[in-house]
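Colleague: Walk me through how to read this model, please.

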Amino acid sequence: PKEMAEICRTYICIDTARGKHDYTAIIVWGLTYDKRKVLLDAVVEKLDVASPEFVNTLFRLAMEWNQLSIGTIEIRIEEAGPSAWAETIGPRLRAKGCFIPVRGVHVTAEKKKDKFISGKANRIYDRWAPMLNHGEVWMPLSQKNGGHGIPYDMDGTKEFRDIIDYFLEFELRPFPLGKYDHMLDAGGLLNDPKTNEKHPLQYGDDPDSNDEDEYVGYSGSAGWMSA
């Protein structure tokens, strides 16, 4: 991922936890000159967004990938109802020396419509399906497939799980019937139409060389295509 980041402009997208027993998901997207969306890094952990621990984790990710890539364009954080996380998190990051813009992406309780029973499932589908079906989503090879994946201590037990394996097995493939959708929610913020209308996505520059040996294109599953 660090070598791939050299040709990317990066975005950090956050799905906030709903309660202390829920997961917060943070995804670092890298956007290449040829419109690929590369999943460079991720955190899935039970983090209170109001806590210093969350701010420290976000600060570490933001500074690391801003340095490794062409630059981190912005941090997007999902806001539901009256929450105003962007207004809270932005000043706390700036106090630590991180001046990357933090934008709130507002979501509302949507009525049942379109393809799925829940409005949330429709929103996830509308954000993910276009880039999946066009083969634009790239990610590290999972550990089950012989790659490095993205190891992370998701449950604070010092037992590292591969976030890529988790994402494919528990979120992407079983959609819309999966129990979890933290990474789907976070990653989908990259394709929020209202945000992109005001702040169009910025892609990387055409590189002299390309290092993709450990990356595979992911164009969805039968479930996404048939839906």
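**Around one arginine**

Modeller: Contact means heavy atoms within 4.5 Å. Neighbours within four places in sequence aside, arginine 127 is in contact with Val105, Val107, Asp185, Gly188, Leu189, Asn191 and Asp192. This is a predicted model: local features need pLDDT of at least 70, side-chain atom pairs count only at pLDDT 80 or more, and totals for chains, interfaces and linings use all residues. Residues are numbered from 1 along each chain as its sequence is written, and side-chain values use heavy atoms, with hydrogens and water left out.

Colleague: Is arginine 127 buried or exposed?

Modeller: Buried means under 20% relative accessible area, exposed over 50%, partly exposed in between (1.4 Å probe, protein chains only). Arginine 127 has 5%, so it counts as buried.

Colleague: Where is the place of arginine 127?

Modeller: Helices (H or I, at least four residues) and strands (E, at least two) are DSSP runs, numbered from the N terminus. Arginine 127 lies in helix α3, residues 119–133.

Colleague: Which residues touch the most other members of the largest nonpolar core?

Modeller: A nonpolar core is a set of buried Ala, Val, Leu, Ile, Met, Phe, Trp, Tyr and Cys residues joined through side-chain atoms within 4.5 Å. Here it has 65 residues; Trp29, Leu39, Phe54, Ile75, Trp128 and Met183 touch the most other members. Helix α3 gives the most to this core: seven residues.

Colleague: How many bridges join β4 to β5?

Modeller: Two strands pair if DSSP finds at least two bridges between them. Six join β4 (residues 71–80) to β5 (residues 102–107), and the strands run parallel. Isoleucine 75 stands opposite valine 102 in β5.
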